[in-house]
Amino acid sequence: MQTTREDSTTGGEPILWETPADCAYGDILYQHAEHIAKITINRPEVRNAFRPQTVRELIDAFHRAHMDPEIGVIILTGAGDLAFCSGGDQRIRGHEGYKDEAGVEHLNVLELQRQIRTLPKPVVAMVAGYAIGGGHVLHLICDLSIAADNARFGQTGPKVGSFDGGFGAGLMARTVGLKKAKEIWFLCRQYDAQEALDMGLVNTVVPLAELETVTVDWCRRMNQLSPTALRVLKSAFNADTDGLAGIQELAGNATALFYTTAEGQEGRDAFVQKRAPDFQKFPRRP
Ligand SMILES: CC(C)(COP(=O)(O)OP(=O)(O)OC[C@H]1O[C@@H](n2cnc3c(N)ncnc32)[C@H](O)[C@@H]1OP(=O)(O)O)[C@@H](O)C(=O)NCCC(=O)NCCSC(=O)c1cc(O)c2ccccc2c1O
């Protein structure tokens, strides 16, 4: 197994995760340290399969990390070494989706997928063991994927009577190429970490024992870089795939940056001061 190990500029010192006092989740864990949030699907008895409650809590945790100005990068992972996530919990699958506590059926993971793509901070999938089905799509949606050498990847939809024709198909094709994406979905094979690396499905493969150290090292590196540059780049990478919604994200960043300029503020100030705006003092840049 070939492993890729970057030179570390962040030292590889152990990270001391803390759980905020007001985090009361049942299916997931939320921890943070050093401007990094770590969100863990904590259902190892079912290979970290998700149910509506799991997805609801993940949405809440990602929102928390999104809104926390102390957080620069987010890690998504699964509890234990055996699985990142095995997709939707098949035991509670009803006629139209996955049944919640009240018996209402959902496909709320689609909302989570959109949230991970649009939140303006890098999200890193830290994958040990299986990333399968809807769990495979979750790692695909993340900006970067770091795989342990025991990781296994694949889609099972056509085998278990499901499919993800959204990002699960389209983003997969953009990531690994159309032929390979069709192979992944049409054959429902599993791929080991090296095969995933070879097809561009993950960024690097590391020994299981080093998975968190390397992931944290990558996060520390990103946290040393310009948060605005990373934010705008993330929306730029998504813009064409996500159509007008993608352009909206990219354009929202342009608007936010424009608000910080004297030119943008002149318009606001003129309105508040009930006077005509004076835009003549601003250059018409080439
Ligand atoms: C993941 C596996 C390959 C692991 O195999 P292994 O041999 O290591 O372990 P076991 O098979 O013995 O599993 C241990 C234990 O966990 C239970 N379990 C595993 N996965 C699930 C699951 N997804 N749901 C419920 N339970 C699960 C398993 O039954 C065992 O329990 P025991 O009580 O018997 O000990 C292998 O487990 C596997 O292939 N799992 C199924 C993977 C799968 O098919 N996932 C669902 C794909 S469909 C999907 O995820 C999906 C979800 C959505 O929300 C969508 C929304 C919109 C569009 C599409 C969606 C979509 O496709």
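Author: The predictor's confidence in each residue is called pLDDT, on a scale from 0 to 100. The structure above is a predicted model.

Reader: What is the mean pLDDT of the protein, and where does pLDDT stay under 50?

Author: The protein has a mean pLDDT of 95, and 96% of its residues reach 70 or more. For the complex, the predictor gives an ipTM of 0.98 and a pTM of 0.95.

Reader: Why is T156 called buried?

Author: A residue counts as buried if 20 or more other C-beta atoms lie within 10 Å of its own. T156 has 20 such atoms within 10 Å, so T156 is buried. T156 sits in the loop between strand 10 (152-154) and helix 4. Beyond four places in sequence, the contacts of T156 are I132, G133 and C188.

Reader: What does UniProt place at T156 and G157?

Author: An unreviewed UniProt entry gives the feature "binding site" at Q155, T156 and G157.

Reader: Which residues come nearest to the ligand?

Author: There are 22 residues around the ligand, and G87, G88, G133, G134 and T156 come nearest. Helix 2 (109-118), strand 8 (130-132) and helix 4 (157-160) are the elements that give two or more residues to this shell. The shell divides into nine nonpolar, nine polar and four charged residues.

Reader: How do you know that G134 counts as buried?

Author: The cut-off for buried is 20 or more. G134 has 27 C-beta neighbours inside 10 Å, so G134 is buried. G134 is part of helix 3 (residues 134-141). Not counting residues up to four places away in sequence, G134 touches F50, G87, G88, V109 and D164. Between the C-alpha atoms of G134 and Q273, which are 139 residues apart along the chain, the separation is 53 Å.

Reader: What makes E34 and H35 partly exposed?

Author: Both counts fall between the limits of 12 and 20. E34 has 17 C-beta neighbours inside 10 Å, so E34 counts as partly exposed. H35 has 18 other C-beta atoms within 10 Å, and therefore H35 is partly exposed. E34 is in the loop between strand 1 (28-33) and strand 2 (36-41), and H35 is in the loop between strand 1 and strand 2. E34 is not a glycine, although its phi is positive, about 50°. H35 is not a glycine either, and its phi is positive, about 65°.

Reader: Which residues have the most contacts inside the largest nonpolar core?

Author: They are I39, V127 and I146, in a core of 62 residues. Neighbours within four places in sequence aside, the contacts of I146 include V124, M126, V127, V202, L211 and W218.

Key: Residues are numbered from 1 along each chain as its sequence is written. This is a predicted model: local features need pLDDT of at least 70, side-chain atom pairs count only at pLDDT 80 or more; totals for chains, interfaces and linings use all residues. A nonpolar core is a set of buried Ala, Val, Leu, Ile, Met, Phe, Trp, Tyr and Cys residues joined through C-beta atoms within 7 Å. Two residues are in contact if their C-beta atoms, placed from the backbone, lie within 7 Å. A residue is near a molecule or strand if its C-beta atom, placed from the backbone, lies within 6 Å of it. Helices (H or I, at least four residues) and strands (E, at least two) are DSSP runs, numbered from the N terminus. Ala, Val, Leu, Ile, Met, Phe, Trp, Tyr, Cys and Pro count as nonpolar, Asp, Glu, Lys and Arg as charged, and the others, Gly among them, as polar. UniProt positions are given in the numbering used here, feature names are shortened, and annotations may be inferred rather than shown by experiment.
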